[in-house]
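Please look over the sequence and the model below before reading on.

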Amino acid sequence: MPGKIKILLIDDEREFNRFVKLNLENTGEFEVLITEDPIAGIDLARRYRPDLILLDIYMPKLDGPEVAENLLADNLTRDIPIVFLTALVKQGELGKGSTIAGRHYIAKPVTTSDLISQIKGILKR
Amino acid sequence: MNRPKENRLPKGALEEKERIMEAVIQNSAVAIFVLNAQHKVIYWNTACEELTGCKAKGLLGTGNHWKAFYDHYRPCVADIIIDNKFSEMPKLYKDYSKSTLIRNGLHAEGWHPQLHGKDRYLAFEAAPIYDADGKLIAAVETLLDISEFKKAEKESQENEQKMRAVFNQTFQFIGLLTLEGMLIQVNRAALDLIGSEASKVLGKPFWEAPWWTHSPELQEKVRQAVKKAAGGKFIRFEATHLDKEGVVHNVDFSLKPVKDKDEKIIFLLPEGRDITEFLQAERLLKESEQDLQKCYIEFKQTQAELIQAEKMAALGRLASNLAHEIKNPLAINLQGLEYLKSILPPDKAYIDTIESLIKSNLRADKILKDLLNFARPAAPLILEEVDIPLLINSSLFFVDPQSNLNNVTLTRQFAPDLPKVKLDYNQMQQVLINIFINAFDAMPQGGRITVTASQVEDVLKRKILQIVISDTGCGIKENDINRIFEPFFSTKKETGGTGLGLAISKAIIESHKGAIGAESKYGEGTSVTIDLPII
């Protein structure tokens, strides 16, 4: 489906993934792939080449930063922007589209409208 | 020429008189001997024998009388009189004088070791005897053993010397007054203190002496004390003396009546004990005690802070875990609710229900954020010089809309020339907003909020910036006032208070090395005071 923004969401919360996919795709502007398995996520990124990857930080097997390391080490995926989703942030630490040390963060829970505006903001840069 | 009467007596009468004279000499209790003009012993009475241990028999008619007193020849006082060689006296006697009793007589005295088995102090009194023509024909010498008197006199002198030594060597200030208060004796210590001499102070009224002249009140007190002591009372009070360098000495002063053996008051005895060092030591001891008390309080505070820090660390870990565990389901809920909202028919009842659920979800998230914020105190302070009126006004700006709504009057009183203070602007704004919101919430029917900012001194006399925010609201109950800075303590639970606002505010103020406190009267209002160091 040309013209749609391709998003890969890697998060071990199956229901979160499902609702984010439904909400984003509901707008007609996004195509969202989801996985709870970080290793499968790396493989999907190589094959699917999304416009942006939403990546949970705390996951079993492989955590978010380790997944990011793998993606950055691979020529096929190194240029795909990664946005970390995190529950562990303090008030005021993250504004909209926060960037810490070159990484993008979005605080959970997040409303769909906030999520969309932040994704678009990052892709514009 | 008048001839002596006895020469006209008949011969028998003369002989009798001579016998009587001989008997008088012989039986006198006083030791007497008589030498003729040729220095031969013509009388040596019994008392003389007893005193010297030398019998008359061996001496009469000889010139050996000196042997009774000395182990080598030397003239006795009677010999000097016979020879009229008064100039010899100084060589022979330390103590001698012309007799006060007999004309042309001589007096001498001295120690005679082991005279008839005893050390004796003898007083010699010798006088010339003239014939009818005034020619010296003999000399009479009396001897008195005054050893006991001399010993007593010596002891008395030694005692007086000892007493005087004590009087002058003691560190106490001592004197002696007449009953009228004239100073008649004063010891060295008292004179040394004022750098004066006895001659300059003796004979003066005591209260006019230099120990008292620095204070007319003390002079009057001493004058009254003299009157009372002369009446038999013992007076004691604490006084001050100025020494020769003008240094003040604290003195424990007393004035005692001195009585004779008949209980009659004869003198007054003033005494002063320098207690300056004692008072200093006492003061130092008190200060040490206070320091110790302060240390103890600080120790208890530190202990309490450590316990609190330990609790906070535990709370921090708990909060982090909680946030992670709860925020993920919240994230699912939020996304799920938004999905439901997008697929359900646009029925108002559905929409309202889902909106309400979304709001609850976001509120739960806010509570978690506050908890995290409190449990993991804010990021390092970003200190900048802050204009205090600007900080307060910008914080009020956020809550101002509420003032119109609630019919609240705002009064600002900022002292001119407030010092610039280095603060984290955003964090301080958060503190002020928290306090303003509490004030508004306390006055649903309206009222007044007064904000003052001024430079004051704290208990340690350090200059600090003080901000006071007072309201005329419902106030806080006495039991609650000490708990309002505790985490999760809220008087507004039913209206959505998390009980973390003031706890976070306290943490922020303390990270600025400041202090925050509150006073309140239930039903009348609350006043929150923030003290900040001026950096």
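A residue is called buried if 20 or more other C-beta atoms lie within 10 Å of its own, exposed if 12 or fewer do, and partly exposed in between, with C-beta atoms placed from the backbone. By that rule, buried residues make up 27% of the 535 residues in chain B. This is a predicted model, in which local features need pLDDT of at least 70 and side-chain atom pairs count only at pLDDT 80 or more, while totals for chains, interfaces and linings use all residues. Residues are numbered from 1 along each chain as its sequence is written, and chains are lettered from A, and ligands numbered from 1, in the order in which they are written.

**Chain B overall**
- Chain B has 15 helices and 18 strands, where helices (H or I, at least four residues) and strands (E, at least two) are DSSP runs numbered from the N terminus.
- Of the contacts in chain B with a separation of 6 or more, 52% are accounted for by residues 24 or more positions apart; two residues are in contact if their C-beta atoms, placed from the backbone, lie within 7 Å.

**The largest nonpolar core**
- A nonpolar core is a set of buried Ala, Val, Leu, Ile, Met, Phe, Trp, Tyr and Cys residues joined through C-beta atoms within 7 Å, and the largest one has 38 residues, with B:V431, B:I435 and B:I530 among those with the most contacts inside it.
- Elements of chain B that each supply at least two residues of this core include α11 (348-375), α13 (425-441), α15 (501-511) and β18 (525-533).
- Because domain 3 (280-375) and domain 4 (383-533) of chain B both give residues to this core, it lies between them; the domain bounds come from an automatic or database domain assignment.
- Leaving aside neighbours within four places in sequence, B:I435 is in contact with B:I469, B:S505 and B:V528.

**Helix α15(B)**
- Since 9 of its 11 residues are buried, α15(B) is largely enclosed by the rest of the structure.
- Among the buried residues of α15(B) are B:G501, B:S505 and B:K506, and just after this helix B:K513 takes a positive phi of about 60°.

**Around B:S215**
- B:S215 is placed in the loop between α8 (198-201) and α9 (216-230) of chain B.
- With 15 other C-beta atoms within 10 Å, B:S215 is partly exposed.
- B:S215 and B:H241 lie 26 residues apart in sequence and 9.1 Å apart in space, C-alpha to C-alpha.

**Contact between the chains**
- The contact takes 18 residues from chain A and 20 residues from chain B.
- On the side of chain A that touches chain B, helix α1 (residues 14-26) gives the most, with 7 residues.
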